Amino acid sequence: MNYKKLAKKWNDHSALEPDVREELTELVQDEKALEDAFYTTLAFGTGGMRGIIGPGPNRMNTYTVRKAARGLASFIAKRGEGAKARGVVIAFDSRHKSAKFAHEAALTLGAQGIKAYVFHDLRPTPELSFAVRHLQAEAGIVITASHNPPEYNGFKVYGSDGGQFPPALADELVDCVNEIEDELGIAVGDENQLKASKLYEIISADVDDAYNEELKSILLQKELIKEAGDQLKMVFTPLHGTANIPVRRVLEDVGFSQVTVVKEQELPDPNFSTVSSPNPEEHAAFKEAIRYGEAEGADMLLATDPDADRVGLAVKNDTGDYIVLTGNQTGALMLDYLLSIKEAEGTLPNNGIVLKTIVTSEIGRAIAERYQLTSLDTLTGFKFIGEKIGEYERTGDYQFLFGYEESYGYLIGDFVRDKDAVQACLFAAELALHYKQKGLTVYEALQQVFEKYGFYKEGLESLTLKGKEGVEKIAGIMTSLRENPPESMAGLSINKIEDYERGLSLSPENQKTTPIDLPSSNVLKYFLEQDAWFCVRPSGTEPKVKFYFGVKGESLEESEQKLQQLKDAVMAYIHQYTA
């Protein structure tokens, strides 16, 4: 069916919501926009779906949400009546239509006889992960587009272990969703009837309380916080998202009393009016927090993204100016602190393991090796870290200690199976207090980590290529890199190429290949001389391709120079495919 006929079908649908019909009327005035909204269906991938809010099968709206929920219902029904009774936990963030989409998902599940537990108000994604486990549900849904621009929303699915589905189950779920051809004809239940039959249940405050108690379990030096927690000054901004209440609650409960919240960014705002992007990875998001920090003389600034699974830290450097740490730097600080304290206390397990992704800094591996621990790389995406935690929980082969990724995601306590910014805020506060008691700033502690393990430096570049044409260009980049790989970059020979889609590691020198024991993913990683590397990965949720870089130098200045040279060389090479 061509897109114009499909758009007419939507317009002719008698029960089309008035606001969707109004948007569709406006959309038909723009031929290119109409095509983009109707030429395909919004991809439901291994983690769910994410897209611009609007009419059409390639947009986030009531009907595409119902389709996703109906597919999940089919997936659960295959697992029997017990799975249907265990039900699905549903959470949502502060974005446009998030509450409505959560409600529509519950009504769709209820029509299929599947119980839905629904948070009455916005909650962080990690609390959804916790709640699935706590309520022993079969699955979870969170309506969020994480840190995407305001016009986006999304639908993420979690399994009974509180983690996003591993590849095999994700593929099965995708098939269930894709089997549904007509998103306009999906049945939904009556809210009152579903509530009367206990198929639609509002979650009580007991889950919030249980999550808060588990958060406290990650602390290593509770007595230190009780005695000196009021000496650490922090500024916190939830960037208009879901972290405001849970972060402030747990910090206050354990003894961190000097927490100033950025008032302009405290309350939920689906437009994220005070920032160009609600993403703590982008330093501009800290502008208001820095203003507060300078006024308060704060030791540390914390910013969480809208669904509170990522957190960024800003600390004073050696000239007294606030700088935003990278995700790799924060992860290195947390990991070294965690392992050093456990070693000092004699609680470091012999079979401990550190998990990180293939695009995360190699300093994590160096830190783990210093403490004679195992480290393991997973594919990009915290679901793979969560999957490994579950595997080791079952086998007993390893004891999980820490998991992180370069994109500001961290996990200390495995009562959550996704990255958790609420945990990370609390742990960062303890870390900062520990070093303050030793007369060190967090920045000075970071320099000590570099001096101990080497001056690792990483970077990220993204190419955004929107629409149908952009999708084709991204595919072309990956095909060209696979079929005609470069032999060197920035004057450094490429020693190894890992192709995670083909599951092979290639040595260009002798053309020898060895298998990679990871799930298939459309990612390429190039290892160069002098501990340098770069990685190319199309985003699974946004119209962009990402380029990750890593180097190691003898000093901060040397590593910065090496990083810039590598970035420049790679992006110049890629330009031939986008010009």
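Trainee: Which residues does Leu426 touch, not counting residues up to four places away in sequence?

Mentor: Keep in mind that this is a predicted model. Leaving out residues up to four places away in sequence, Leu426 touches Leu215, Lys216, Ile218, Leu219, Val250, Leu251, Val254 and Phe256.

Trainee: Which residues touch the most other members of the largest nonpolar core?

Mentor: Leu426 is one of them, along with Val89, Phe256, Leu302, Leu339 and Ile363, in a core of 107 residues. Helix H17 (residues 421-437) gives the most to this core, namely 12 residues. Both domain 1 (3-203) and domain 2 (216-441) supply at least three residues each. There is also a second, separate core of 39 residues, with Leu109, Val118, Phe165 and Ala170 among them.

Trainee: How should I read a sheet, and what is the strand order in the open sheet of six strands?

Mentor: In general, strands of a sheet pair through backbone hydrogen bonds, in a parallel or an antiparallel way. Here the order is S1-S5-S4-S2-S3-S6, and the pairing is mixed. Strand S1 (48-52) and strand S6 (200-202) are the edge strands, each pairing on one side only. From one strand to the next, the twist averages 15 degrees.

Trainee: How many bridges join strand S2 to strand S4?

Mentor: Five bridges join S2 (residues 88-92) to S4 (residues 139-143), and the two strands run parallel. As an example, Val88 has Ala139 in S4 as its bridge partner.

Trainee: Which strands does helix H7 lie across?

Mentor: Helix H7 (residues 125-134) lies across S2, S4 and strand S5 (152-158). Relative to S4, H7 runs at about 165 degrees.

Methods
Residues numbered from 1 in each chain as written. Predicted model: local features only at pLDDT ≥ 70, side-chain atom pairs only at ≥ 80, totals over all residues. Heavy atoms only, no water. Pairing = 2+ DSSP bridges. Helix = DSSP H or I, 4+ residues; strand = E, 2+ residues; numbered from the N terminus. Axes fitted to C-alpha atoms, helices over the stretch in contact; angles between N-to-C directions. Contact = heavy atoms within 4.5 Å. Core = buried A, V, L, I, M, F, W, Y, C linked by side-chain atoms within 4.5 Å. Buried < 20%, exposed > 50% of the residue type's maximum accessible area, 1.4 Å probe, protein only. Domains from an automatic or database assignment.
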